[in-house]
Amino acid sequence: SHQSDVRLLMLLVAGVTILINKYSGNQDIILGMPIYKQDIEGKFVNTVLSLRCHLNKQMTFKDLLYQIKQTISEAIEHQNYPVKSLLHDLNLPYSETDFPLFDIVVMVENIQSQEYLLPICANINFSFLRAGECLESTLEYNSLFYRKESVERITAHFIHIMTEAVNNVNATLDHIEFLTAGEKETILQDFNHVGTISMDGLDKALYQLVEEQVEKTPGHTAL
């Protein structure tokens, strides 16, 4: 991001977008973000903006960054369009406990303020702070919907996605992994371990026993 907080925001939004895509399979994803900090005090028309991203498996991380850059630019350009008017135009119900456009927020505290999120009830808030050469982060979540263990896994997956993406910005989204090495080992080796079963003194794999039973009783219903 070359020490630019705006570029950093774009990178982080891209990472969260890929994370949600990997989890849900959805290619049309909407995230929220607060408006940039304002020098003037007062009441603003909107304090939170919607970012809508369209993904496909063949686009690269760099392609997604360009799209998000354009999306953030357009969102800021139209930030004075009342969000309640947007909800009315889209015929979406709205309540103080349920915001229908998005429930995940991404922000960089160097250029955005937590206070601007007060009108919105988000279920997850990815909050980042650039502190010198370090990037600190806080993940706030609705404990009615998420367990602590789930959120810790979300954090690990996000870090893994960002590590892969920034090391190869030309990687296509379908080649960016979100599982950690330990999780892949568990799924591929531990859960799918190919062992043998000892029957009548012979060591046979389970599939071989199934094949033998099929040959013995081909017309029977299999369970």
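Me: Which residue in β5 stands opposite alanine 131?

Reply: Cysteine 134 does. The model is predicted: local features need pLDDT of at least 70, side-chain atom pairs count only at pLDDT 80 or more, and totals for chains, interfaces and linings use all residues. Residues are numbered from 1 along each chain as its sequence is written, and side-chain values use heavy atoms, with hydrogens and water left out.

Me: What makes β4 and β5 a pair?

Reply: Two strands pair if DSSP finds at least two bridges between them. β4 and strand β5 (residues 134-141) share eight, in the antiparallel sense. Strands here are DSSP runs of E with at least two residues; helices are runs of H or I with at least four, and both are numbered from the N terminus.

Me: What lies between β4 and β5?

Reply: Two residues, in a hairpin. Glycine 132 in the turn has a positive phi of about 65 degrees.

Me: Which sense does the pairing of β3 with β4 take, parallel or antiparallel?

Reply: Parallel, over five bridges, with β3 covering residues 104-108. Isoleucine 104 stands opposite isoleucine 124 in β4.

Me: Why is threonine 71 called buried?

Reply: Its relative accessible area is 15%. Buried means under 20%, exposed over 50%, and partly exposed in between (1.4 Å probe, protein chains only). Threonine 71 is therefore buried. This residue lies in helix α2.

Me: Why do isoleucine 30 and valine 45 get another label?

Reply: Isoleucine 30 has 30% relative accessibility, so it counts as partly exposed. Valine 45 has 47%, so it is partly exposed too. Isoleucine 30 sits in strand β1 (residues 28-34). Valine 45 is in the loop between β1 and β2 (48-54).

Me: What does each of these residues touch?

Reply: Contact means heavy atoms within 4.5 Å. Leaving aside neighbours within four places in sequence, isoleucine 30 meets Ser50, Leu51, Arg52, Leu101 and Phe102. On that basis threonine 71 touches Leu51 and Arg52. Valine 45 touches Asn80, Tyr81 and Pro82, not counting residues up to four places away.

Me: How many of the residues of β4 and of α1 are buried?

Reply: In β4 (residues 124-131), six of eight are. In α1, 15 of 20 are. Both elements are mostly covered.

Me: How do you know that the span of α1 agrees with its length?

Reply: The expected span is 1.5 Å times one less than the number of residues. For the 20 residues of α1 (residues 5-24), that gives 28 Å. The end C-alpha atoms are 28 Å apart, so the values agree. Just after α1, glycine 25 takes a positive phi of about 80 degrees.

Me: At what angle do α1 and α2 pack?

Reply: About 115 degrees, with their axes 9 Å apart; α2 covers residues 61-77. Axes are lines fitted to C-alpha atoms, for helices over the stretch in contact, and angles run from 0 to 180 degrees between N-to-C directions.

Me: Which residues of α1 and α2 meet, and of what class are they?

Reply: Leu9, Met10, Leu11, Val13, Ala14, Gly15, Thr17 and Ile18 in α1 meet Phe61, Leu64, Leu65, Ile68, Lys69 and Ile72 in α2. By class there are eleven nonpolar, two polar and one charged residues. Ala, Val, Leu, Ile, Met, Phe, Trp, Tyr, Cys and Pro count as nonpolar, Asp, Glu, Lys and Arg as charged, and the others, Gly among them, as polar.
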